[in-house]
Amino acid sequence: MAAPKATVWELAPHTRAKHAILKRYLQAWMVILSQAKFPEILYIDGFAGPGEYDKGDPGSPVIALQTALDYRPPLTAKIHFLFVEKDKERSAHLKSLVDKMTLPANFAVIIEGGETFEAAFGKHLPAYQRNGRLIPTFAFIDPFGWSGVPFSIVQQIMRQRSCEVFVNFMYDEINRFIGHPDQVSNFNEFFGTTAWEACKALTNPRERNRFLHDLYIKQMHEAAGIKYVRSFKMSNDKDVTDYFLFYGTNELLGLKKMKEAMWRVDESGEFRFSDATDPHQAVLFGNEPNAEQLKRNLLGQFKGKKAKVGEIEDFVVVHTAFRETHYKKVLKNMETATAEIAIDWAPEGRKRGQYGSKDIVISFKP
Ligand SMILES: C[S@@+](CC[C@H](N)C(=O)[O-])C[C@H]1O[C@@H](n2cnc3c(N)ncnc32)[C@H](O)[C@@H]1O
């Protein structure tokens, strides 16, 4: 998919799905941060676009503003929005849309037009720091390609408490240009390492795909020190990877909310959207959760062992594609139908098939 040249362009079905995820997640993010009573929060849209598509659908910066406006009761924290768009016509278009919106006094919007994300981030960072720390931030990094997305910015953001990144990794474009001699320094910057060079020797497309995906995850964990990382894959109807979305957070609650947003995506038939973190466990979203697959995940981890319900839930949320709302049905079946688990301890009065207390101890048969 070549990058469009026009100021506004057509909204692809998978972009609509990406926007639905962003909106649902931002709704949850705003709840979490306002309940935590942070006085200021920051939404960064590093590759903001023009704010709308050719048929009038909103772009990501307008979605973020509208989500914050619709929040009830109204948000009282100061919300900073930093929208960066290198193309001056696109940024002017975005500005004209934002100017038409009636925004409350606690919304502070900066539109950096004609600037790169990297330059604008460096320029504004000091203004978003309090006592040397960045205020709680959600950074959406949504480029057309790979240049201008230095991994050092991901590291800088994620070094701070309560900050999160959501990166669109344009796999298709990256894969096509990764051997190009002019792009070496851009790829070094993008991955934050020269290790991507090893992919040039891989001729099998699947191996190459996995290598680049896994390298970015590794960098997020190891070079940026992010505790929870998940990746999601958007494929076209021929099952070719279009892009990955990488989400990084240090908060378990954030991870739960992002997975919730992912599971609720509606597929149009023109794309397939799946959890891609584990190559052997690709789980499609938009479908009923696959109970057999979740059971295999549970047995892989707990077979022959004892575990509290709380531990099982953490495992499901952190290490599988599934949600905290999915696993109890599977446990119930394993207890009441197949007898693959037994209850070692439970509070008085617990009924079979119920796992309300996180302290219930479950014994998985060997
Ligand atoms: C994929 S589009 C963004 C779409 C938008 N986030 C949305 O979801 O509606 C990427 C945008 O980044 C802009 N861009 C390209 N390089 C940039 C850079 N280095 N810094 C900031 N913006 C850039 C492009 O002009 C384009 O409008």
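Colleagues, I begin with a hairpin: β8 and β9 form it with four residues between them, and Asp239 in the turn has a positive phi of about 65°. The model is a predicted one; local features need pLDDT of at least 70, side-chain atom pairs count only at pLDDT 80 or more, and totals for chains, interfaces and linings use all residues. Residues are numbered from 1 along each chain as its sequence is written.

Let me turn to the chain as a whole. The protein chain has 12 helices and 14 strands, both being DSSP runs numbered from the N terminus (H or I, at least four residues, for helices; E, at least two, for strands). Its radius of gyration is 22 Å, close to the 21 Å that the globule rule gives for 366 residues, so the chain is as compact as a globular protein of that length. That radius is taken over C-alpha atoms, and the rule is 2.2 Å times the number of residues to the power 0.38. Along the principal axes, the C-alpha atoms of the chain fill a box of roughly 65 × 55 × 40 Å. Of the 366 residues, 38% are buried; a residue is buried with 20 or more other C-beta atoms within 10 Å of its own, exposed with 12 or fewer, and partly exposed in between, C-beta atoms being placed from the backbone. Among contacts between residues at least 6 apart in sequence, 67% join residues at least 24 apart, where a contact requires C-beta atoms, placed from the backbone, within 7 Å.

Nine strands form an open sheet with mixed pairing, in the order β3-β2-β1-β6-β7-β9-β8-β10-β11; two strands pair if DSSP finds at least two bridges between them. β3 and β11 (283-284) are the edge strands, each pairing on one side only.

How much of strand β8 is buried? Eight of the nine residues in β8 (residues 228-236) are, so this strand is largely enclosed by the rest of the structure. Towards β9 (residues 241-249), β8 pairs in the antiparallel sense over eight bridges. Within that pairing, Leu245 of β9 is the bridge partner of Phe232, and Thr241 of β9 is that of Ser235. β8 also pairs with β10 (residues 271-275), antiparallel and over five bridges; here Lys233 has Ser274 as its bridge partner.

Next comes a pair of helices. Helix α1 (residues 13-35) packs against helix α2 (residues 60-70) at an angle of about 35°, with the axes 10 Å apart. Axes are lines fitted to C-alpha atoms, for helices over the stretch in contact, and angles run from 0 to 180 degrees between N-to-C directions. The crossing of α1 past α2 is right-handed, the near helix being turned clockwise from the far one by less than a right angle. On the α1 side the contact includes His19, Leu22 and Met30, and on the α2 side Ile63, Ala64 and Thr67. By class, the residues of this contact divide into six nonpolar, four polar and one charged. Here Ala, Val, Leu, Ile, Met, Phe, Trp, Tyr, Cys and Pro count as nonpolar, Asp, Glu, Lys and Arg as charged, and the others, Gly among them, as polar.

What covers the buried residues of α2? The covering elements include α1, β1 (40-45), β2 (78-85), α3 (88-100), β3 (107-113) and β6 (137-141). Among the buried residues of α2 are Ser60, Val62, Leu65 and Ala68.

A further sheet deserves attention. Three strands form an open sheet in the order β12-β14-β13, with antiparallel pairing. Its edge strands are β12 (306-308) and β13 (341-345), each pairing on one side only, and the twist averages 35° from one strand to the next. β12 pairs with β14 (residues 361-364) over three bridges, and Val361 in β14 is the bridge partner of Lys308. On its other pairing, β14 joins β13 over four bridges, with Trp345 standing opposite Val361. Helix α11 (residues 309-319) lies across β12 and β14, running at about 85° to β12.

I close with one residue. Asp214 lies in helix α8 (residues 205-223). With 13 C-beta neighbours inside 10 Å, Asp214 counts as partly exposed. The C-alpha atoms of Asp214 and Ala276 are separated by 9.9 Å, although these residues are 62 apart along the chain.

Note on methods
Two residues are in contact if their C-beta atoms, placed from the backbone, lie within 7 Å.
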